[in-house]
Amino acid sequence: MDEIKHLIGKELHDFESKFADSVKSHVPLLDRIMHYIVKRKGKQIRPMFVLLSAKLFNDNIQESTYRAAALVELLHTATLVHDDVVDDANQRRGLFSINALWKNKIAVLVGDYLLSKGLLLSLNNNDFRTLQILSQAVKEMSEGELLQIEKTRKLNIKEDIYFEIIRRKTASLLASACAAGAWSTSNDEHITEQMRLFGEKVGIAFQIKDDLFDYGSAKIGKPTGIDIREKKMTLPLIYTLEHASTETRRKIINIVKNHNTEKDRVEEVIQLVKASGGIDYTKQKMFEYRDEALAILNKLPENAFRSGLESLVRFTTDRTF
């Protein structure tokens, strides 16, 4: 990450300032909440992908690139705020969520505000192609979330459905971030599509890594088994269910359905998943998607920003948080 921040440190600093300006309002309550959101920014992976994807094709990025990065971050933040309401989550990245501090009604309206600010940022500057790219992602994310809810009820998700869910729910936004960044400096549809595909592969690998964290594959300072408690069917569990004996399969499904709040029973499922080879298989799939992304990247212009993107890709699969 140090290499990446050295490459685009100035651009990231400029982006942060422009993003803070983009969420200002004339309502004191909103401004307080926006200040809280800006202060608790995360790793900023998506804006990094936008900026590096833009500079890959033209070192002299324009205001349209910063607007694309801001739109991505606005949409991402809006979905997180709404997700916390849907999940009744009181914390996000170790800090109180918006709904925990200001209640659900305000949190939903804040999410709507962020979405509208993103739309207006693009429309007021005639960034119609960028808006089209990101609007597609919002549609995909909503469909992915609803598909997951539908399938979770029956605990019958197969591997192909799992990948369809994470492609829509997580990878679509990262794909759009790369595409929007590339479009902002190239105005080339072929390049934009190549970067979209690249971002999609990275996004899938990114989500698989998140799913592995739930099984204690790294010390990240948060409890394991959260996905099991929420009855989320992720790849390690799907693989285990597909390869387990009938008796073991029934046992796991019974725990996930009826004993998912009991710490010992959840730990039992985690150990069964590890014993089945579910973790190793999941890691293998994650590296496959990472390598497919790098194969696309290696056909693009060779420069420092391509190296930066490669480092960012490797960070998504090697990270410990």
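**Salt bridges and overall architecture**

In this predicted model, Glu-292 is partly exposed, and its relative accessible area is 35%. This side chain forms a salt bridge with that of Lys-201, at 2.8 Å from N to O. The two partners come from distant parts of the chain. Lys-201 sits in helix 8 (residues 189–213), and Glu-292 sits in helix 13 (residues 278–297). They are 91 residues apart.

Other salt bridges share partners and so build one network. Its members are Lys-139, Glu-140, Glu-143, Glu-164, Arg-167, Arg-168, Glu-193, Arg-196 and Glu-200.

Within that network, the side chains of Glu-143 and Arg-168 meet at 2.2 Å, N to O. Glu-143 belongs to helix 6 (residues 128–154), whereas Arg-168 belongs to helix 7 (residues 159–186). The pair therefore ties together parts that lie 25 residues apart in sequence. Glu-143 is partly exposed, with a relative accessible area of 32%.

A further salt bridge lies within a single helix. Lys-10 and Asp-14 both belong to helix 1 (residues 2–22). Their side chains meet at 2.7 Å, N to O. The two residues are four apart in the helix, so about one helical turn separates them. Lys-10 is exposed, with a relative accessible area of 59%.

Across the whole structure, the search finds 24 salt bridges. The protein chain carries 48 positive and 45 negative side chains. The centres of these two sets lie 4 Å apart.

The fold of the chain comprises 14 helices and two strands. Its radius of gyration is 20 Å, close to the 20 Å that the globule rule gives for 321 residues, so the chain is as compact as a globular protein of that length. The C-alpha trace spans about 60 × 50 × 30 Å along its principal axes.

Of the 321 residues in the protein chain, 51% are buried. Contacts were also examined by sequence separation. Among those between residues at least 6 apart in sequence, 74% join residues at least 24 apart. The chain exposes about 15200 Å². Carbon and sulfur atoms supply 50% of that area.

Terms used
Residues are numbered from 1 along each chain as its sequence is written. This is a predicted model: local features need pLDDT of at least 70, side-chain atom pairs count only at pLDDT 80 or more; totals for chains, interfaces and linings use all residues. Side-chain values use heavy atoms; hydrogens and water are left out. The radius of gyration is taken over C-alpha atoms; the globule rule is 2.2 Å times the number of residues to the power 0.38. Buried means under 20% relative accessible area, exposed over 50%, partly exposed in between (1.4 Å probe, protein chains only). Contact means heavy atoms within 4.5 Å. Accessible areas come from the Shrake-Rupley method with a 1.4 Å probe; for residues, only the protein chains shown count as cover. Lys and Arg count as positive and Asp and Glu as negative; His and the chain ends are not counted. The place of a charge is taken as NZ of Lys, CZ of Arg, CG of Asp or CD of Glu. A salt bridge is a side-chain nitrogen of Lys or Arg within 4 Å of a carboxyl oxygen of Asp or Glu.
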